[in-house]
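Here are some notes to read beside the model. Please keep the sequence and the 3D view open while going through the points.

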Amino acid sequence: MMISLDQARLMIDVARKAGHEMGLKPLSVAVLDAGGHLLAFEREDGASPGRFEIARGKAYGAVMLGMPGSALQARAEQQPYFIAAVNGAYDGKLIPVPGGVLVMQGDNVVGAVGVTGDTSDNDAAVAVAGIEAAGFAAKA
């Protein structure tokens with residue numbers, strides 16, 4: 001199973017709408033496929049221009065290690081040298097905090113969504129909403 005472009009766009013739309021309903025700060029949302037390649041990205045008006053790299057980094061770390069951002073953060077706290085080494089191996093593209101959410105089809109990782117702009121926990125919550133709206137399971 002793959003994430004289609006229409007599904008990626010739906011994930012972004014629903015995540016943004018959930019953010020508006022929650023009164024969050026302007027969000028940036030990236031959707032990656034299972035290989036870590038960008039499928040879609042949007043940065044809301046008012047979001048800082050550097051948010052692309054953060055949203056992509058949250059999703060990239062999740063999909064490349066098969067662990068959601070919350071698990072990556074815990075791992076970074078317990079084994080900072082491991083996360084630093086992995087981040088070096090991935091050319092510094094890893095952002096190990098909540099907001100990187102795995103897109104699951106059964107037991108298979110088919111991609112990840114990265115959201116940035118508000119608190120990491122709120123970012124993760126709207127990512128989950130987008131993923132589930134597109135018919136996938138989310139692992140935050």
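1. In which strand is Thr116 found? Thr116 belongs to strand β4; strands (E, at least two residues) and helices (H or I, at least four) are DSSP runs, numbered from the N terminus. This is a predicted model, in which local features need pLDDT of at least 70 and side-chain atom pairs count only at pLDDT 80 or more, while totals for chains, interfaces and linings use all residues. Residues are numbered from 1 along each chain as its sequence is written, and side-chain values use heavy atoms, with hydrogens and water left out.

2. Thr116 has 2% relative accessibility, so it counts as buried (under 20% relative accessible area; exposed is over 50%, partly exposed in between; 1.4 Å probe, protein chains only). Its side chain makes a polar contact with the side chain of Arg51, at 2.6 Å. A polar contact is a pair of N or O atoms within 3.5 Å; within protein, one must be able to donate a hydrogen and the other to accept it, and residues adjacent in sequence count only if both atoms are side-chain atoms.

3. The open sheet has 5 strands in the order β2-β1-β4-β3-β5, with antiparallel pairing (two strands pair if DSSP finds at least two bridges between them). Because β2 (38-43) and β5 (137-139) are at the edges with a single partner strand each, one side of each has no neighbour in the sheet.

4. Strand β1 (residues 28-33) is joined to β2 by 5 bridges, and the two run antiparallel. Ala30 has Phe41 as its bridge partner in β2.

5. Which residues touch the most other members of the largest nonpolar core? Of its 23 residues, these are Ile3, Met11, Val103, Val113 and Phe136. A nonpolar core is a set of buried Ala, Val, Leu, Ile, Met, Phe, Trp, Tyr and Cys residues joined through side-chain atoms within 4.5 Å. Two or more residues each come from α1 (5-22), β1, β3, β4 and α5 (120-133). A second, separate core of 8 residues includes Leu32, Ala59, Leu102 and Met104.

6. Helix α5 has 14 residues, which at 1.5 Å a residue should span 20 Å, and its end C-alpha atoms are 20 Å apart, which agrees (the expected span is 1.5 Å times one less than the number of residues). Among the buried residues of α5 are Asp123, Val126 and Ile131. The buried residues of this helix pack against α1, α2, β3, β4 and β5 (contact means heavy atoms within 4.5 Å). Just after α5, Gly135 takes a positive phi of about 90°.
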